[in-house]
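Subject: Structure for your files

Hello,

Here is the structure I said I would pass on. Please look it over before reading the notes below it.

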Amino acid sequence: MMLAGRTRFCLLAALAAISAFGGVGGAQQTQYPRPTELPNPYRLVEGWAKLPKTMNGGQWGEVIRVHVDAKGDIWVFHRCFNVVPAGSATCVGRGAANPPI
């Protein structure tokens, strides 16, 4: 009889714990805004990066990579200007006046 009482007590204690802590799982989670709902920290600055007229006629080629160094300088690796077909631009044979960097 004593064993039945302990079993009943343990069962009731377990049910009480489940009902007391069961509500924690249903707590409301923090809602974060979507990235599209956040303010845009960037702004467009027209014509900020200009090449000298002596370099590729002042025209940017196909930009392959952009890197910002530790001093904040921006390095752009690009292929010499070519319109048709896309992806066929090359600086080979264009001399020192048309470096890719």
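The notes below go from the model as a whole to its strands and then its surface.

This is a predicted model, in which local features need pLDDT of at least 70 and side-chain atom pairs count only at pLDDT 80 or more, while totals for chains, interfaces and linings use all residues. Residues are numbered from 1 along each chain as its sequence is written, and side-chain values use heavy atoms, with hydrogens and water left out.

Confidence: the mean pLDDT (the predictor's confidence in each residue, from 0 to 100) of the chain is 76, and 65% of its residues reach 70 or more. The lowest confidence is in H1, with a mean of 72, and the highest is in S1, at 86.

Fold: the chain has one helix and two strands (DSSP runs numbered from the N terminus: H or I of at least four residues for helices, E of at least two for strands). Their order from the N terminus is α-β-β.

Strands: S1 and S2 (residues 74–79) are antiparallel and share six bridges; strands pair if DSSP finds at least two bridges between them. Glu62 has Arg79 in S2 as its bridge partner. Five residues lie between the strands of this hairpin, where Gly72 has a positive phi near 90 degrees.

Surface: Val45, Trp48, Val63, Val66, Val68 and Ile74 make up a nonpolar patch with about 570 Å² of accessible area together. Such patches take residues with over 30% relative accessible area and no salt bridge, and join nonpolar side chains (Val, Leu, Ile, Met, Phe, Trp, Tyr) within 5 Å and like charges within 9 Å. A salt bridge here is a side-chain nitrogen of Lys or Arg within 4 Å of a carboxyl oxygen of Asp or Glu. Areas come from the Shrake-Rupley method with a 1.4 Å probe; for residues, only the protein chains shown count as cover. S1 (residues 62–68) contributes the most to the patch, three residues. Trp48 sits in the loop between H1 (2–21) and S1, and it counts as exposed because its relative accessibility is 57%, the cut-off being over 50%.

Regards

Notes
Buried means under 20% relative accessible area, exposed over 50%, partly exposed in between (1.4 Å probe, protein chains only).
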